[in-house]
Amino acid sequence: MTVERKSTDEPERGTRRLRLRVTPLSVIAIAVALLLLISQLVVTSSFFTYGSMSTLTPLIGVMIIVATGQAFVISTGGIDLSVPAVITLMGSIVLKESAEKNDQLAGALVLCLVACVVIGLINGLLVEVLRLNSLVVTLAVGQLVAGGTRLYRGDVLTFTNVPSNLSDAAGAGVGGVSYLLFIAIVVALVATFFLHRIVPGRRLVASSAAARAAVLAGVRARGYRVLAYVLAAVAYGFGGVLAAGQIGTPDLTLGDPYLLASVVAVVLGGAVLTGGRVSPVATLLGAVFITVLDYDLRVEGYSAGIRLIVQGAVLALGLSLVFVLQNLPRILRGLRSPRATSPDGVRATTN
Amino acid sequence: MSGDRSTHAHRLRRSPALAVACAGALALLVMVGCGSDNGSSTSTASGGETSTSATGEGSTTAAGGGSTVSAADLQKTVDTALNTDAVTADSLPPLMKEALERATPAPDQATMDKAFDCWQKSSCTVGNGDITLALADGFGDNTWRKFSKMNMILQALTYPEVGKIITTNAHGQLAKFQSDVRSLTAQGVKGIAVYNDFGPAAYPALTAAQRAGAVVSTYTGPNDGAPTSAITTRVQPDICEAGKTMAAATKEAVGDAPVAYFTGTPGNPQDTAWQKCATEAGLNPVFKADTNWTPAGAQTAASALIASGKPAKAILYSYSNPVPNIVRTFNKANKPVPAIITWTQDNGTSCQWKKDPYTLYQTNAR
């Protein structure tokens, strides 16, 4: 996502240069670079050591995958609050269906996939077909899934560990960097390729960024927007399975850390919550930023209260920054000649 | 279990859970009108060494008004419940002795079926008695709490005066816990057994319940300084003593080396209390982290400790359940596992330790 779209109001040359350079992607890339630098130089000198990387990169990897799913939904102008419930359900399915046996893992994964598709379809159909509010729908579906998970899981689980194949795979890495991070990068790149190079992906983008235009062009926009919810749920499920493998003993709190953080990551990636185009790569960087920031605060020994405040502040600042970047010309013009701009002159774009 | 790969002798196993739950249930039942004592009582119980005291006219009469339990069988129960053979049944306070007498006979199949039915449901009718008994658990999700729930149900079933049992689980949410207690009061519950995970924050709800005519008895959770308006009886460990015991175990394991404190939910009164006493006992915490008592939280906390570079040689953590995640994190980072000092016990932790030993102390609260 950029702010390079030509406007009928030709700005001054200096402003155009600014518009060409300052994009949400470039801003979050610089922010991540600075944060990594601060992490190494200020927070802990052992940030880029094997010990830190081996435990941090799996967290980043799962967050990237989950945030990529959230990005699909946010691109439609919705928001998905069923994330924690879906992730937790994945952990329970893996535990219960595989019964710690590697040869039963495949069956568990198939069930995970089916569950995710069903949940995504329910979310998508309720939001896009019945035109219900996504916040309420996904919250309600999340509650349903959470309750169902408790019943499905039962009071006392006989098995508490995921199969060794899954935990070994999720715990593997090279040079201290978890394979989960590489997998997540691949997921983000595939999502980018899908959205920009594959016809269904481009139609999904069109259906999200300009739904009416897409409909007039003959695109079945509603169906593609439902697809966004399904893809998102599958991404949460994939992240959930990997998180379960990485934790080894997933419990009913497995998905809790991903609710606010996944939204923050997408916003930091330059998305606006009213919908529009999203960049999986920028979302990836947003996920890196929010995970490393939280990690740094933990390393510094800050309490959960401080970390929540920081997450909330980052979300607010990120949203403000996206607004400013996407409306920079109009803001500048408004500052220079406030009377020439109508009260509606400065308004968030949804590209 | 010796040298640097040892586990502490005092353990809070299922059997002490039996002792705690039985004592709690009995104390509550006595207060709501079962048995022969209507006086107020205060009990403290622990796994390794139990000191229970009862004031008033504590009854030692077992179920049905007369004990049919042989002294040998009772002693066997006492040994199992307290995880030691150093305490004789006759030396126990009357209240606790009666609780264990009631727990001694093996329940018949019908009783077990009824107990299992109650354990699965949130409400069940067990007889024609006019007393409705409730268990309000602040966080009833781990195995220990589920065992405690069953222990309490089985104990309650020995009282014909109990007609209905209701159980609630707040899943660690204070607002739900308060709502649960209000709901129980509205249903006319006469006695509420409570695991109070929320400390003083729960007292207003408990006070309101007692004002409405219910009797509240707590077990194990942090209730120091609780007003009598909130709690009538309590069976609980000395949290401060737990901190001191953990400090002693830490010194045995790593001497005066710096340590890390892992906390459950931020600011919870239980962790605050034992950490304060452990520090006063001479420990030097150089790192603190919240875990929310979850495996993922413990893993992230361990990861942050590794990244911090702080030279903590031991991790003190009240909850044993997520310890395997801490150990796995250190193993994954190719770092030596610090001594783990915890005052609860978990099967997963014990199995992991047995498979790949490290310095583990599972102390107990007195």
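In this predicted model, helix α4 (residues 83–98) of chain A packs against helix α5 (residues 105–129) of chain A at an angle of about 150°, and their axes are 9 Å apart. Angles over 145 degrees count as roughly antiparallel, so α4(A) is roughly antiparallel to α5(A). The crossing of α4(A) past α5(A) is right-handed.

Which residues of α4(A) and α5(A) make the contact? From α4(A) come A:Val86, A:Leu89, A:Met90, A:Ile93, A:Val94, A:Glu97 and A:Ser98. From α5(A) come A:Leu105, A:Gly107, A:Ala108, A:Leu111, A:Cys112, A:Ala115, A:Cys116 and A:Ile119. By type, the contact of α4(A) with α5(A) has twelve nonpolar residues, two polar and one charged.

**Where the chains meet**

Chain A also touches chain B. Here 30 residues of chain A are in contact with 31 residues of chain B. Three elements of chain A, namely α3 (50–75), α13 (280–299) and α14 (304–326), each give two or more residues to the side that touches chain B. Which of them gives the largest share? That is α3(A), with seven residues. The side of chain A that touches chain B divides into twelve nonpolar residues, 15 polar and three charged.

The table sets out the residue types for the two contacts in turn.

| α4(A) with α5(A) | twelve residues | two residues | one residue |

**Inside chain B**

Chain B holds twelve helices and eleven strands. Of its 366 residues, 60% are buried. Take the contacts in chain B between residues at least 6 apart in sequence: 74% of them join residues at least 24 apart.

Five strands of chain B form an open sheet. Their order is β8-β7-β9-β10-β11, and the pairing is parallel. At the edges are β8 (285–290) and β11 (360–362) of chain B, and each pairs on one side only. From one strand to the next, the twist averages 15°.

Now look at one pair in this sheet. Strand β9 (residues 314–317) of chain B pairs with strand β10 (residues 339–342) of chain B in the parallel sense, over four bridges. B:Tyr317 has B:Thr342, in β10(B), as its bridge partner.

A helix packs on the sheet too. Helix α10 (residues 295–308) of chain B touches β7 (259–263) and β8 of chain B. The direction of α10(B) makes about 145° with that of β8(B).

Technical notes:
Residues numbered from 1 in each chain as written. Chains lettered and ligands numbered in written order. Predicted model: local features only at pLDDT ≥ 70, side-chain atom pairs only at ≥ 80, totals over all residues. Pairing = 2+ DSSP bridges. Axes fitted to C-alpha atoms, helices over the stretch in contact; angles between N-to-C directions. Contact = placed C-beta atoms within 7 Å. Nonpolar A, V, L, I, M, F, W, Y, C, P; charged D, E, K, R; others polar. Parallel < 35°, antiparallel > 145°, perpendicular 65-115°, else oblique. Left-handed = near helix turned anticlockwise from the far one by under 90°. Buried ≥ 20, exposed ≤ 12 C-beta atoms within 10 Å, placed from the backbone.
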